[in-house]
Structures are given as structure tokens and as C-alpha cells.
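Student: Can we go through this structure together? I have a few quick questions.
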Amino acid sequence: MSNKTILRYTSNQRTNHWLVAILFLMAGLSGLALFHPALFWLSNLFGGGPWTRILHPFMGVLMFVFFLGLVLSFWRANFFIANDRLWLRRIDRVMANDEEDVPAVGKYNAGQKLLFWTLLLCMLVLLFSGLVIWRAYFSEYFGITSIRWAMLLHALAGFVLILSIIVHIYAGLWIKGSVSAMLHGWVSRPWAKKHHELWYREVTRDEASKPPITKKG
Ligand code: HEM
């Protein structure tokens, strides 16, 4: 941490995040190709229909494994605190960019936290339903009714996950400085104070008791 900047994400966290993002795109596009004939042309990206069907579950499992890395890094920061309820009630002011009476939040605001737990739920449903419908290895252990339910749940969880990620990307682009934090790791002090004041106070208090870390590169 230097006088001007605060570290928001370590290089491991950033690499982990972008690996999940790439795997999400690959698993998502291959999943859409298998979902509906109108989207089958997407299978060309993965070497045709059979390859798409072979690769999709592996990409999904890999995405889940890397996503667990994000969960282990961020789950504590996504616990709800007292201010979050009030923040949600004032969401209209947040949307209007008038944050005067909006309560201070920690490292993540209530919207980000809701999204985090939704992502985790979707990933768990996708993983378990995906195993049930993975014909090459596991489907033989399940009856046809379970397989049909698993297919439905898999599609629903995929749909919610895609919508959630669209919201996630939109929010990231909307709050200037967020994408840069996930790319370079650092945020400015005014950014931290404006968007995540409780977190800002926490890290700057820590800073007083530790030797400063200077920004590299
Ligand atoms: C593909 C494009 C994506 C973009 C542009 C993007 C952008 C970002 C940005 C800017 C942040 C930092 C937010 C902040 O510090 O306040 C962030 C955090 C995060 N992202 Fe993404 N992301 C993408 C995909 C994904 C995917 C696919 C997942 C998981 C399925 C994901 C999960 C997360 C998580 C867990 C965090 C930490 C925030 C929290 O714990 O609430 N992201 N992302």
C-alpha cells in the first residue's frame, strides 16, 4: 500500500478471477451450443458437436474448481452486516448516483454479496446436476426421472448464472475503477472511501500499525 493506493486484489486472486471468467465463457458457450439447435453453430468454436459434448463437462468442473478458489478468498468479506439492509433499502439512491444518505459498506456492498451467494448456489447446482447428466461416467448410476430433473435444474442454474454474470459485468463497468482493480490490483484512496468506506477505514487503520508496502511496477 502506498500513500495514494490500496491493494484490493493480490495477483493470485486476479489470476484466479480471470481464469474463472475465461472458463465461464467457454463452459457457457459450449453449454448454449448443446442447449438448443438454434445455438448449435456455437459448437464450431470447440471443434464440432462431439467435441463440444466431450469438453463441456470438463470445462464446467474446472470452472467450479477455480471458482472454489474465489470462494475461499472472498467468502468472509461477503458475510452480511447491519448496514447492508439499510443499503438495500436505499438502492434507488445508489442507482441515481446520489450516495449522500447511503450507509457505508465494507469490502463489498449488499448487491455484490447477494450476487456472490447466488453465484455459489448456481455453481453447486450446476456441478451436482451436471454429474448426474454426465453420460460418459455417472448417468448409469441414476434413474431416468433423476436425469430429467437434473437436466432441468442444470439449464435453470445455467440461465441464472448467465444473467447474474451479465449484472456482475455491468456493475463492474458502471463503477469506474473496479475493472482496473481486478486487472492491476490497486484502487485509489478516494475510490475506496467513496465506494467501500468501512473497508477503507479497516485497511488504513491496519496500515498505521504495519510498515508500508510500496506499489511495484
Ligand atoms: C467475464 C467478465 C467478468 C468481468 C468483467 C468481471 C469483473 C469483476 C470486477 C471488476 C470485480 C471487482 C469488483 C470490486 O472489487 O468491487 C470482480 C469481482 C468478482 N468477480 Fe468478476 N468479472 C467477470 C466474470 C466473473 C465470473 C464468470 C465469476 C464467477 C462465476 C466472477 C466472480 C467474481 C467474484 C466472486 C468477485 C469478488 C466479488 C465478491 O466476492 O463479491 N466474475 N469481477
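Student: What lies 2.8 Å from a nitrogen atom of the ligand?
Tutor: A polar side-chain atom of His-17. This is a predicted model: local features need pLDDT of at least 70, side-chain atom pairs count only at pLDDT 80 or more, and totals for chains, interfaces and linings use all residues. Residues are numbered from 1 along each chain as its sequence is written, and side-chain values use heavy atoms, with hydrogens and water left out.

Student: Which side chain has an N or O atom 2.7 Å from a nitrogen atom of the ligand?
Tutor: That is His-168. Asn-78 has a side-chain N or O atom 2.8 Å from an oxygen atom of the ligand.

Student: Which protein donors does the iron atom of the ligand have?
Tutor: His-17 and His-168, each through NE2, at 2.0 Å from the iron. Donors here are N, O and S atoms within 2.8 Å of the metal (3.2 Å for Na, K and Ca).

Student: Where in the chain is that pair?
Tutor: His-17 is in helix 1 and His-168 in helix 6, 151 residues apart. Helices are DSSP runs of H or I with at least four residues, and strands are E runs of at least two, numbered from the N terminus.

Student: What is the geometry of the iron site?
Tutor: Octahedral, with six donor atoms and angles of 84 to 179 degrees. Six donors count as octahedral if opposite ones are over 155 degrees apart and all others between 65 and 115.

Student: New topic. How many residues surround the ligand?
Tutor: 22, and Arg-8, Tyr-9 and Gln-112 are among the closest. A residue counts if one of its heavy atoms lies within 4 Å.

Student: Which helix gives the largest share of that shell?
Tutor: Helix 1, with five residues.

Student: And how many helices and strands does the chain have?
Tutor: Nine helices and two strands. The C-alpha trace spans about 60 × 40 × 30 Å along its principal axes.

Methods
A polar contact is a pair of N or O atoms within 3.5 Å; within protein, one must be able to donate a hydrogen and the other to accept it, and residues adjacent in sequence count only if both atoms are side-chain atoms. Four donors count as tetrahedral if all angles lie between 85 and 135 degrees; four count as square planar and six as octahedral if opposite donors are over 155 degrees apart and all others between 65 and 115; anything else is irregular.
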